[in-house]
Amino acid sequence: MKIQAVLLLLIILLLVPGGVISEENQSAQNNTTSANLTDVPIIPDISPQEKLMNRALEARAFALEKGKDAALAEFSNPSGQFNAEGMVIVAYDTDGVLLADSTRPGEVGSRFIADDHDAGQVRMMRDLATTGGGLYVDAATGNSWFVSDIDGSWWICAAIIRNAGKQP
């Protein structure tokens with residue numbers, strides 16, 4: 001009985017290690033993993049809305065660091081750092097007065113919110129900006145803008161340039 005038990009134990013000991021390192025578990029033999037073994041970095045696709053958000057947050061940081069005058073000058077510059085890749089930064093004060101827009105320089109100083117009952121895009125974007133900001137999508141056209149408050153007295157929106165003069 002003792003010899004049978006010892007033989008059974010020896011058989012089990014010989015079979016178990018063979019199952020630990022098997023053909024299905026090659027990583028245990030050659031110490032490799034299934035991680036990306038190429039030198040090519042994996043870069044996820046970024047949606048247009050995410051690009052707008054990134055541009056608006058970069059512009060907001062710039063405005064807070066450099067000040068309002070420097071930021072408005074940069075946003076108004078058609079070849080400035082925030083007017084690239086088919087996007088622009090547009091700035092308004094809380095009354096809806098256009099402060100900067102490189103695609104509509106002749107309209108800077110114009111008011112785009114008639115009153116508190118105005119249902120236009122600029123008022124809706126201003127309200128979104130003053131309540132934390134975010135993505136504004138025009139239901140009629142499907143166009144998107146990302147809006148952000150700067151300091152409570154003015155706000156910006158990142159816009160994709162579709163046609164000059166058609167910005168909010």
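What share of the contacts in the protein with a separation of 6 or more comes from residues 24 or more positions apart? I found 45%, where contact means heavy atoms within 4.5 Å.

**Ground rules.** I am working with a predicted model, in which local features need pLDDT of at least 70 and side-chain atom pairs count only at pLDDT 80 or more, while totals for chains, interfaces and linings use all residues. Residues are numbered from 1 along each chain as its sequence is written, and side-chain values use heavy atoms, with hydrogens and water left out.

**Overview.** I counted five helices and five strands, taken as DSSP runs numbered from the N terminus (helices H or I, at least four residues; strands E, at least two). Along the sequence they read α-α-α-α-β-β-α-β-β-β. Of the 168 residues, 32% are buried, meaning under 20% relative accessible area with a 1.4 Å probe and protein chains only; exposed is over 50%, and partly exposed lies in between. The accessible surface is about 10,600 Å², and carbon and sulfur atoms hold 57% of that (Shrake-Rupley method, 1.4 Å probe; for residues, only the protein chains shown count as cover).

**Sheet.** I traced an open sheet of five strands in the order β2-β1-β5-β4-β3, with antiparallel pairing; two strands pair if DSSP finds at least two bridges between them. β2 (98-100) and β3 (134-137) are the edges, each with a single partner strand, so one side of each has no neighbour in the sheet. On average, neighbouring strands are turned by 30 degrees against each other, direction ignored. I then checked β3 against β4 (residues 144-149): four bridges join this antiparallel pair, and Leu 135 has Phe 146 in β4 as its bridge partner.

**Helices on the sheet.** α4 lies across β1, β2 and β5, at about 80 degrees to β2. Angles run from 0 to 180 degrees between N-to-C directions, with axes fitted to C-alpha atoms, for helices over the stretch in contact. Helix α5 (residues 121-130) also packs on the sheet, touching β1, β3, β4 and β5, and its direction makes about 50 degrees with that of β4.

Which residues of α5 are buried? They are Val 122, Met 125, Arg 126 and Ala 129. Seen down the axis, the buried residues fall within an arc of 105 degrees, so they line one face of α5; the arc is that of the directions from the helix axis to the C-beta atoms. Their cover includes β1, β3, β4 and β5. After α5 comes Gly 132, with a positive phi near 120 degrees.

**Cores.** I looked next at the largest nonpolar core, which has 18 residues; Phe 75, Ile 89, Ala 91, Trp 154 and Ile 156 touch the most other members. Such a core is a set of buried Ala, Val, Leu, Ile, Met, Phe, Trp, Tyr and Cys residues joined through side-chain atoms within 4.5 Å. At least two residues each come from α3 (48-66), α4 (68-76), β1 (87-93) and β5 (154-160), with α3 giving the largest share, five. Apart from this core lies another, of 14 residues, including Leu 98, Val 122, Met 125 and Cys 157.

Glu 85 sits in the loop between α4 and β1. Its phi is positive, about 55 degrees, although Glu 85 is not a glycine. Is Glu 85 buried or exposed? I noted exposed, because its relative accessibility is 67%.
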